[in-house]
Amino acid sequence: MSAARTATILDRTLSGDRLSAADAVTLLEEGNLLALGAAATEIRNRKNDPSVATYIVDRNINYTNVCVYRCQFCAFYRPSADHPEAYVLSHEQIGEKIQETIDLGGTGVLLQGGVHAGLPFRFYEEMFGYIRSTFPTIHLHALSAPEVYFLQKLTKWPMRDVIARLKDAGLQSIPGGGAEILEDSVRKRIWSLTKAPTDKWIDVHETAHGLGMRTTATMMFGVGETNAQRVEHMEVVRALQDRTGGFTAWIPWTFQKENTELDGKVEEAGGFEYLKTLAVSRLFLDNIEHVQGSWVTQGPKIGQVSLSFGGDDLGSIMIEENVVYAAGARNRMSQGEMRRIISDAGYTPRQRRTLYGACQDACCRGPIPTAKAGTAGLSVLGADLDSGIASA
């Protein structure tokens, strides 16, 4: 009965019917993994070039690890500026990281931090202004909904004014970080409700879209949520995309437990569950063009397989990444390795930019740069690139 039921759901979906929340839950609970993968691949190929899979060369820069919040899934934050491992990067330190990114053929930076209560609004304006004026070829994909929401509480300005000023200072797009599971009972249990309730995450992204700014949508799952709560998260994203069309990509990944308060308290999602959730999300989010596979949390092999479960992109080679690194995900990859695993999966690898061609600013109008001689073989590392700053 369950096989016939899920086959009927998939047939309707492939015929153009929008997947309901109840049907998505059924697919997560009863669907055959390979059948889900085949259906998700069919939808992926309708929305994207069936012969190509993309990736990006960029860098995650965490400008501070100080955070006022105590999310149970986070191993990166330090509780105060007085902590011996606390840091705030200087403009010069940020500049060194960006220059190395450019030398490696990179086109963007993802700049995020903890929510540092001691940093005034002008800190962000000055940081963004420095980056945009010093590195005009780099796309600035920065902050997260909790960071922006905190700035709105700090300034007491309307959300539109906060984001407009950040945009004027140089912010070009906003990542989907801080979403975790967009269902407030889950957020309360894992201590992320106070940093950004679901309606505030929506407010940040919807306001940014209204200002002509593109953002991404993410989901971190495997923190003890139900399948219905995962689908509720997807419903939030799909409804907002219906209203604005502002999301460029959907990026789900799995919780990593090492050094976190949730270690031993929840059952992590493994590769099977990851691929099933990825495939169902591709089917459910019929209004989002790009879906990114998470080799960073699942490893290169499952990342490669994700291209057969709805993924059309494998994200960044991760010149630097500190947050999931601190929680035990220490997978690393060079550009050559990225191109190889995409080719071995049967696709032509293509380097992309942050917004998949949606950015019309000067940073994204020129050709994608090639790595400078002598840099292409550099190791791609994580937190130890910051050995002089912090070992998170």
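1. S306 is in contact, meaning that heavy atoms lie within 4.5 Å, with Y274, L275, L278, G293, G311 and L314, when its neighbours within four places in sequence are left aside. The residue sits in the loop between helix 13 (300-305) and strand 9 (313-316), where helices (H or I, at least four residues) and strands (E, at least two) are DSSP runs numbered from the N terminus. S306 has a relative accessibility of 0% and therefore counts as buried; that term stands for under 20% relative accessible area, while exposed stands for over 50% and partly exposed for what lies in between, with a 1.4 Å probe and protein chains only.

2. The model is a predicted one, in which local features need pLDDT of at least 70 and side-chain atom pairs count only at pLDDT 80 or more, whereas totals for chains, interfaces and linings use all residues. Residues are numbered from 1 along each chain as its sequence is written, and side-chain values use heavy atoms, with hydrogens and water left out.

3. As for the chain as a whole, the protein has 15 helices and 10 strands, and buried residues make up 59% of its 392 residues. Of the contacts with a separation of 6 or more, 79% are between residues 24 or more positions apart.

4. Strand 1 (residues 52-56) runs parallel to strand 10 and is joined to it by four bridges, and T54 stands opposite R350 of strand 10.

5. Two further parallel pairs deserve a look. Strand 3 (residues 108-112) is joined to strand 4 by four bridges, with G108 having H139 as its bridge partner. In strand 4 (residues 139-142), H139 and H141 point one way and L140 and A142 the other way, yet all of these residues are buried. Strand 6 (residues 214-221) and strand 7 run parallel and share six bridges, and M220 has W253 of strand 7 as its bridge partner. Seven of the eight residues of strand 7 (residues 247-254) are buried, so this strand is largely enclosed by the rest of the structure.

6. Helix 9 (residues 198-210) packs on helix 10 (residues 227-244) at an angle of about 25 degrees, with the axes 11 Å apart; axes are lines fitted to C-alpha atoms, for helices over the stretch in contact, and angles run from 0 to 180 degrees between N-to-C directions. The two helices are therefore roughly parallel to each other, on a scale that takes angles under 35 degrees as roughly parallel, over 145 as roughly antiparallel, 65 to 115 as roughly perpendicular and the rest as oblique. Their crossing is right-handed, a term used if the near helix is turned clockwise from the far one by less than a right angle, and left-handed if anticlockwise. Helix 9 contributes T198, W201, I202, H205, E206 and H209 to the contact, and helix 10 contributes V236, V237, L240, R243 and T244. These residues divide into five nonpolar, four polar and two charged, where Ala, Val, Leu, Ile, Met, Phe, Trp, Tyr, Cys and Pro count as nonpolar, Asp, Glu, Lys and Arg as charged, and the others, Gly among them, as polar.

7. Helix 10 also packs with helix 2 (residues 21-30), here at an angle of about 135 degrees and with the axes 9 Å apart, which makes helix 2 oblique to helix 10. This crossing, too, is right-handed. On the side of helix 2 the contact involves A21, A24, V25, L28 and E29, which meet N227, A228, V231 and E235 of helix 10; the residues divide into six nonpolar, one polar and two charged.

Definitions and conventions: Two strands pair if DSSP finds at least two bridges between them.
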